[in-house]
Structure formats: structure tokens, C-alpha cells
Amino acid sequence: MICLSAKDNHSLSPISHTQPFIAKITDNPHLPRALRPQYIFLLTVATAIPEGFGLVLVAHESDEGIYPVNTVRISQELRYLKEHDVIKFYPEDGKINVLYRKEANANSFLLTERCNSFCIMCSQPPRDVDDSYLVDDLLATIPLIHPETHEIGFTGGETTLVGDQFIRLIQSAKNHLPRTALHILSNGRNFQHLDLAMKVAKVKHPDLMIGIPLYADYSQLHDFIVQADNAFDETLRGILNLKRCQVKVEIRVVIHQENYQRLPRLAEFIARNLLFVDHVALMGLEIIGFAKSNLNALWIDPYNYRDELKNAVDIMARAGMRVSIYNTPLCVIPESVRNYAAQSISDWKNDYLDECANCSARQQCSGFFSWNLRKPSQYIKAL
Amino acid sequence: MSLLGKKFKGIEAFDQAANRTYQLLPSRFAALDDGRYLLSNEVGEYLVVDRKHLESYVKKQVPHDTDFYYDLKSKHFLFDDDSNVAIDLLALKYRTKAQRIAQFTALHLFVVSLRCDYSCQYCQVSRQTDDKVAFDMSEETADKALDLVFRSPSPAIKIEFQGGEPLLNFNLIQYIVKEARWRNLVHQRDLQFVITSNLSFLSDEVLSFCQEHNIQLSTSLDGPESLHNSNRPRPGKNSYQLTVDGIQKAQNFLGRDKIGALMTTTERSLSQVKAIIDTYLENNLDCIFLRPLSPYGFAIKNQQAQKYDVDRWFEFYKEGLDYILEINRQGHTFVEVYTQLIVNKLLSPFGQGYVDLQSPAGAAISAIVYNYDGDVYASDEARMLAEMGDKKFRLGNVHTESYEDIWLSDVLLDTLESSLSESLPMCSDCGFLPYCGTDPVYHYATQGDVVGNKALSGFCSKNMKIFKYVIRLLESDSDARDILLSWVRS
């Protein structure tokens, strides 16, 4: 697991910032002086520190004695930071949040913790708080992201709850990162209003996909899983509206005890009613948040739903749909559908078991969420 | 007892259909076999159910919290107060299925010559000896027909050259292909060509031309040499050899996917379906279409069609399909085309382009025929009927009638109006309706009425048998199901 936030950073000189400071890291000591105030200089070996940077991060232990203002020795846990990464520095306590890592396999940005659903397996339990600073931070971060970044993600909470800022963020991503795919998670319910779907479409982002969960093939079960009446209808109308506006949509199905039995029926429902969606992801449970506290109700060993998984993949693939299996180790996926499995887990929370050391398929395997290591399938076996 | 945390409510809290009632969505049913029924909805989703379940569904007595209830709900046979998005989705599915009607006429058949070097007993068109230039289409007629072709709004246009033997008028084929491609520079359609030929005159010149213009070939192969030669007599008694030589030549020259073969079933075919299929395998063909003998043209005159009834043909089809499934089980993919079409109709949300199984009928709005003399017919069968002297389905002539005259003619509109299964007796309440269609020309030819009495209809009887057989295979034989599904894999 990679730590994305650390407090045990120590200032080595006076800090002049009074507000949190979001900036991009560079290791170029020759950066023109005029640019330095908006950059963070990263020092990994003990050499002279150039003047004028907005912040200096010292990532070594030797003591040089003289530091310019705004120099901080960073926590051991953040020593992976590199050029092009973007961080947020809190001057009051020295905390550093890592917002963007160039080398990450995925960079996701939380838009809000608020949500209009309350999913029984939510990995990011909603909190009804004013967290509008998250959008402001992201608007400040997007221009700093390396333009060759393959993909960024917006996540929540329910991303559309940030209102007009939602469109502003998509516009900003398009303006600053025209070659970067944008993947947005939403429960889709707010897209039941066609005008919101149209506003998204009007941005004309060149590579935008909205990932929307559908957990069941009928309303009662879906509404129960997301703990919201009418959510099934609203989500479906949202998907139809987005596709009507030619916005790409991905359907995301988290599989657990409450819905695995009807997974093939759900696949038939999708293939028949939503054949035009752009991707379907069948996803293993991430055991954190509500999924962790409700685990007794939700847990089913992925090995024990392997037949349903295979049927569901076959039904949708046969219909010509693009299907993936996420968050599920290859050894518990039936062999005939293993080629649909993706390495779907973000690198910072991705781990493997000891058993996996001997596995020939490890390089292609999703592995586990770090927090799933305590409750892996009973059938994990090196291939 | 829920294992969920206290903050969460149980599933019953989210069932707004608390009065436990439901409403039926449009659906139909039909007996499948002893005790089982096919239940289909307006857009062709289906369930196979026993009588007890069927009755409880219709009487609105299916209890909630059963898989059957949620199967019915998920496949849009019912809706309850918890959700009404089913109506939106059904509308979308209906539109998807009916989309082809808006696209209109895609297949345009040009009878470029009525002459033929064969003298087949069952020939569906009146044959003419091969020296009568009077039975060739002229360039002037072809030009007029092309005017009509490009009036069609269809984004895909397929021009099929028929006969007689169309290669006897190869010059005109060359003219039409070049002229159509030239015109298409403006029209920008997805333009394709097919030549339906016995391959007797498949010269290198013809092959080069096909290569250059990406033209598909379609031929007739009835089975083993003796059967083929007796079905398709020609001077020299070498029709089989000429055909298989032509198939091989085309496969080598153009690629295997550029040549297909169709078979015609005669009484002599009925006892040798395996040998017929083997002939297709030996000639490296990937599929076969086990066709019934059509009741038109010379076939009906000779009373051939009556010599075996639908039951006998169906035994032939069943034996053939079983053999084909066996071939697939042995690891070789080989497809029976009609079965493939039926499986597609059963499982796909899209309407299928097959002209003979559509409602409204495909006549003129899916396919249209331009005869050598410029007469326009609603279908190939309509032309065959005309060659026998009954011009009931002649829609006009390219030299005297306009596009509007032809496609808005009373003959065509009346025929189409009589071809909506949804409003026809014995069709409107049939569980197989979403997969079936109507064939007004067939029913006119056999019963003298475009609607026809379906109880006496060979068309109805044949298709019902096939639907039931294919559905039983899909539902009861997982091995066969896998094979059938692999045929429709997109």
C-alpha cells in the first residue's frame, strides 16, 4: 500500500505560507526563477538548495544546516514522490496530501463525500458535510497534471451533487488535458434530468466515460442495495438520457451475497435493454467502509459465484458488448473467461498474498485491495 | 433477520408495490409441447413456463419474492407500483426492433436476363432458350431501374443480379455495376453487389470483374452429383461438375467468404439430407440453408409442392439440423442458416433483415424486383407468379411509373396493410408472433388470399414447427444451446 497522506513532515526553516499550497513537484534546480514560486523543489540527495521555490521537500536524512524558507523534510512514507507529482501542503501542521502521481496506474479525485444513495457495500461512506474545498482544490490541480496522463477519474460521494461545478470540472479537464481520458463515477440518478446530460454532452470532452452502477435487474433489489426508493428507475432513465446525448456510459456491477444469484439475469437485462452502453464491469467487493461493517451480510467467496460470473460474461460478450471483470484474482475466475479480467485496482491500494509469490499469472492478475487481504477467497491458488 | 447494520433497512422497506398487485404488459403465449408454454412479450423477450405458472401470471396471482415474479418483471411481462421505467424501455426496444422499416428498401433484384442454359423441372421462373435477346434487360431499362434504386432512403443498398442465368447478360451486369458506383459517388450509400448464378459461365473475366468491384457470388448446390444433376438438367448432364468447379474457382480467386450456395429441396432430397450436407462440407462451404420447395412457378404447375407435406419436410429439416449439430460437436463450425436466423430473432433486440419473416411483409419495402422488361414486382415470388400469368403483384414498370407511383400503388399498400401479423387472424394472439412474419404472396399463391387461413398454411405450419423445435433445443439441450448461440455470436 502506498500512503497518500502524511503528517510527520518536519519544517527545516520558517514557513511563509498561510494558506494550503497546491503545486507541482520538480527536480530541476535550473528552473527559471520567475517560475519557482509556483513549483515545489524535491531534493533526494544532499546538494545545495536553489532559491526561490514555493516549497522545498527534502527527501534525505543528511543535515546541511542552512535551508531557505519553506523547506520541509518529508515523511519516510512519502519518499516515493517524483517530478510532476502534485501535492497539497498544509502550513499549520505540515500535513501533505498527494493529489496526483504521474507514475500511478490511476489518479482519482474525490469531488464530494455527499451522496443521495446509501449503498450497503459503499467503500466510501457518505458524509453530509460542506466539502466544497475539494472542487476548488481539483480546479487548482487539473492545470498542474501532466498532459500525457493516460486517464484521470472523478469520484464521490455522488459527483453530480457538486452542481454547476460538475460541468466546470469537465470543461477544465477538457481545456487542460485534451489527451487525457476522463472517467467519472456517478449513480446516474441526477441524469434523469435530460438537461444535465445535455450540459455534459455540450462540453464535448474528447474522451469522457461515466461509470454508473446497476446492481439488479429489477427495482426492489437495486433500490434496497442502494437504500433509496426509485433509484432503479432514476438510474436507468439517467443512462438512457446520457446515451441519447451520446455520452459514453459504463455499467458497474459490484457482486455480493445480495445480488450474485441473479447476475446472469442482470446480464440478460443489460444485453437486451442497454446494449448501447460502452462497457460493463463486473466487480469484486472492496472490503472497506460499509462493505466492511456489513461484511457478514455481503460476503460470498468469489469462487462460489464463479458459474454466475461466467454466465453473465458469456451473455454480454455474445451480445457484442465490451465486458470486464474487476477486482477478482485470476485463480478464482473460470478459465474460459479469465481473458476478461482486468488489473483494475489502483496501485496505491493493491497487494498480493504470500501464495501469489509462486504464481505464474501474477503479472496479469488484479491481486487484492490491501484491505481485502484479511478476507481473501478460500480458493486462492498459485497458477 | 438482517445481518446489515442498524442504519440500513431491509428489502421490504423498498418495495413500493406494497399492495402486492401488478399490471400485465402486452404479451402472448403458445403451447410449446406437453405442458409447457412459450410466453413472449411485445418485443420478443420470452420465458418457457408450465401451465400452472402461466395461469398464475395471467390471473395476477404470482407472489412477490419469487424468482418467477422477478423474471416476469425483469423481462417486462409485468410492472408494479415500485417501478415504471419498463414502459420507457419497452418503447425503446420496440423502436429498435422496428428500425429497419424506416430504413426501407435495401435489396434490389435485377433480372438481367430470363435466358438460361439449364432446364430444371422445378424452376421457379419460366425458362427461355439462351438465344432470345428479347429476354435480356436493356441498358435503358437498367438506367430507369437505377433511378429508382437510389430513391430508396436505405443507407445500405444491395443490388442482386438474377436470372435466368444472369451471366448470359454479363455486359449489362458490368454496365449496371459501373453506373451504380458512379452514381453512388454522389449518393454515398453502403453499396454491395451479388450475382446469383449457376457458374456455368464463370470465366476469368467475370472473376476479375467480381474481384475489382467486390462482388459476391451466390449459386445453387442441391446435394450429391446424382441429385444435383437430376434436379438441374442441362445439355451435357454436367451441372454438378460445372457448379463445384465454379465454387472452387471462386473460392480460390475471390476468397471463401465471397461465394455462397443455396439448395432447393425436391422430393428426391428428402431421404438424403446427410449426403446433401456432406456435399457442402466437401466443397468447403461454411453453411447450408435447408429450404422447403417453394410453391411458385413451374414447381406448382408440376404439383411437386404437394408431393410432400410440411411434416415430411420437417423431418428432413430435423434430421439435417441434428446432423449439423453433430458436425459442430466434432469441432467444425457449420451453420444452418434458417436456424441461425430463428435463434437471432429469439435473442436479439434488433429486427432481422430476412425478407420472408417480417411484419409488415418485406414486399417492396425490404426487397424489390426489376424484371428484364422493366416490370417491377413486390418480390421474387411475385415475379414467378407473374411468369405463370398472374400479375397480381406487379407494381408498375420503370418506363411508365414513377417511384411514388410504384411505392404508393394500391396493390402494394393494400398488400402491406394485409400483412401486419399484429392484426391478422390467428397471428395476432400467437406467442410466436415476435419471431414470425407474413408472406402475402405465398398465401395468395396457395390460398388465393393475401391473408390466408393460417390453419391451412404451410408457411405457418413450417415456422411453428421450427420455432418450437429450436426453442426446445435452446431450453433443454445445453450442448445444442451452446452451439446455436455460437452461431449468432457477433
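In this predicted model, 27 residues of chain A are in contact with 26 residues of chain B, two residues being in contact if their C-beta atoms, placed from the backbone, lie within 7 Å. On the side of chain A that touches chain B, the elements that give two or more residues are helix H4 (219–226), helix H5 (231–244), helix H6 (263–273) and helix H8 (295–298) of chain A; helices (H or I, at least four residues) and strands (E, at least two) are DSSP runs, numbered from the N terminus.

The predictor's scores are ipTM 0.91 and pTM 0.92. For chain B the mean pLDDT, the predictor's confidence in each residue from 0 to 100, is 91, and 94% of its residues reach 70 or more.

Residues are numbered from 1 along each chain as its sequence is written, while chains are lettered from A and ligands numbered from 1 in the order in which they are written. Because the model is predicted, local features need pLDDT of at least 70 and side-chain atom pairs count only at pLDDT 80 or more, whereas totals for chains, interfaces and linings use all residues.

Asn327(A), which is not a glycine, has a positive phi near 60° and is found in the loop between strand E15 (323–326) and strand E16 (350–351) of chain A. Asn327(A) is buried, with 24 other C-beta atoms within 10 Å, where buried stands for 20 or more such atoms, exposed for 12 or fewer, and partly exposed for counts in between.
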